[in-house]
Amino acid sequence: MLRIAIQSKGRLNEESLSLLQDIGIEVDAPKRKLLSKSQTFPLEALYLRDDDIPHVVAGGTATLGIVGLNELEERGADVDILARLGFGACRLSLAVPKGEDYEGPAWFSGRRIATSYPNILRKYLDDKGIDAKIEVITGSVEIGPAIGIADAIFDIVSSGSTLIANGLKEVETVFESEAVLIARKNLDAEERTLIDDLLFRIESETVSRGKKYLLMNIPKASLDEAIRILPAMRSPTVMPLASPDWCSLHSVVNTADLWTKVRQLKAIGAEGILVMDVDKIIL
Ligand code: ATP
Ligand code: MG
């Protein structure tokens with residue numbers, strides 16, 4: 001039986017649970033229960049604050065955990081990172097009041113920086129040889145400069161709108177983060193087998209996210225060109241059509257490239273282009 005530590009509420013909770021659900025593991029959402037056993041996989045979820053997840057896994061109370069890489073790096077727990085999960089993307093950045101003349105990290109020398117991530121910040125400053133004072137605060141870091149407890153901040157940024165709303169500008173990105181699956185060290189054979197199964201499912205799920213299935217009719221004369229536009233996992237599927245000069249072409253593309261590819265395919269004569277969601281890709 002595996003036990004996985006998941007954030008009980010907050011930014012990672014919903015996506016952690018939906019990832020489990022998408023790989024066929026149903027667990028009850030955290031209401032008043034701290035532990036919830038799955039009926040569909042030998043696993044139970046343990047709901048915690050994200051701050052506690054790295055140590056609960058390192059200490060062995062949970063076998064696995066889903067946590068932001070930022071939290072893991074800050075807390076320095078001795079665990080293995082098994083997979084990057086592709087959600088909870090954010091960065092830890094330094095930001096200064098927007099009117100400041102900022103020309104480089106030397107600006108921070110002798111200044112006070114408010115943060116909830118003192119360890120990551122200390123390492124960055126030491127690497128750059130900057131002597132700044134770190135003011136640790138646990139929440140609402142972004143108001144630090146306005147209320148006079150700091151000259152700058154070091155905090156989580158995703159869209160940057162919180163910074164702008166507080167009259168700050170992002171000047172250095174220090175750490176890129178996303179949610180990761182972590183595991184305790186020294187797993188036994190049964191745990192390893194179950195985790196291999198989980199990782200296989202997670203990989204299929206994360207590979208299929210951000211992909212679209214494309215099918216279209218294409219004049220045979222343009223087929224070689226179309227195959228160059230659409231390199232598929234092995235190669236695109238080509239099927240005959242009743243009309244001898246045409247065929248049907250099927251492939252998978254990254255969502256980010258979809259519109260560029262569609263435009264290129266249209267330009268060489270593709271018609272009736274269908275774009276569909278991909279549920280799972282098993283490599
Ligand atoms: P908890 O009550 O569990 O301690 P928290 O307030 O510390 O929650 P959240 O704000 O829920 O934490 O964020 C959890 C994680 O989500 C962050 O550590 C980070 O990895 C990730 N994250 C992604 N985008 C953002 C964002 N825009 N702001 C904050 N966290 C983000
Ligand atoms: Mg927290």
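Let's start with an open sheet of 4 strands, ordered β13-β14-β12-β15 and paired antiparallel. Strands here are DSSP runs of E with at least two residues, helices are runs of H or I with at least four, and both are numbered from the N terminus. Two strands pair if DSSP finds at least two bridges between them. At the edges stand β13 (237-240) and β15 (271-277), each with a single partner strand, so one side of each has no neighbour in the sheet. From one strand to the next, the twist averages 20°.

Before going on, keep in mind that this is a predicted model: local features need pLDDT of at least 70, side-chain atom pairs count only at pLDDT 80 or more, and totals for chains, interfaces and linings use all residues. Residues are numbered from 1 along each chain as its sequence is written, chains are lettered from A and ligands numbered from 1 in the order in which they are written, and side-chain values use heavy atoms, leaving out hydrogens and water.

**The strand pairs**

| Pair | Direction | Bridges |
|---|---|---|
| β13 and β14 | antiparallel | 4 bridges |
| β12 and β14 | antiparallel | 9 bridges |
| β12 and β15 | antiparallel | 5 bridges |

Over in β15, Met 276 is the bridge partner of Tyr 213.

**The other sheet**

Now look at the open sheet of 6 strands, which has the order β2-β3-β1-β4-β11-β5 and mixed pairing. Its edges are β2 (35-37) and β5 (80-84); each has a single partner strand, so one side of each is left without a neighbour in the sheet. On average, neighbouring strands of this sheet are turned by 25° against each other, direction ignored. Strand β5 is joined by 4 bridges to β11 (residues 179-183), and the two run antiparallel. Within that pair, Arg 84 has Val 180 in β11 as its bridge partner.

A helix lies against this sheet as well: α1 (residues 13-22) packs on it and touches β1 (2-7), β3 (43-48) and β4 (64-68). The direction of α1 makes about 145° with that of β1. Such angles run from 0 to 180 degrees between N-to-C directions, using lines fitted to C-alpha atoms, for helices over the stretch in contact.

Asn 13 belongs to helix α1. Is Asn 13 buried or exposed? At 12% relative accessibility, it counts as buried, where buried means under 20% relative accessible area, exposed over 50%, and partly exposed in between (1.4 Å probe, protein chains only). Not counting residues up to four places away in sequence, Asn 13 touches Ile 6, Gln 7, Ser 8 and Pro 30; a contact here means heavy atoms within 4.5 Å. A polar atom of the Asn 13 side chain also lies 3.3 Å from the backbone oxygen of Ser 8.

**The ligands**

Which residues coordinate the magnesium ion (ligand 2)? Asp 50 (OD) and Asp 51 (OD) do so, at 2.1 Å. Donors are N, O and S atoms within 2.8 Å of the metal (3.2 Å for Na, K and Ca), and water is not among the atoms, so sites may look incomplete. Asp 50 counts as buried at 18% relative accessibility, whereas Asp 51 counts as partly exposed at 23%.

Both aspartates turn up again around ligand 1: of the 17 residues around it, Arg 49, Asp 50, Asp 51, Asn 70 and Ser 158 come nearest. A residue is near a molecule if one of its heavy atoms lies within 4 Å of it. An oxygen atom of ligand 1 is 2.7 Å from an N or O atom in the Asn 70 side chain, and a nitrogen atom of ligand 1 is 2.7 Å from a polar side-chain atom of Ser 158.

Ala 132 sits in the loop between α4 (118-128) and β8 (133-136). With a relative accessible area of 7%, Ala 132 is buried. Ala 132 and Gly 110 are 22 residues apart in sequence, yet their C-alpha atoms are 4.8 Å apart in space.

Glu 191 has its place in helix α7 (residues 189-208) and counts as buried at 11% relative accessibility.

Note on methods:
A polar contact is a pair of N or O atoms within 3.5 Å; within protein, one must be able to donate a hydrogen and the other to accept it, and residues adjacent in sequence count only if both atoms are side-chain atoms.
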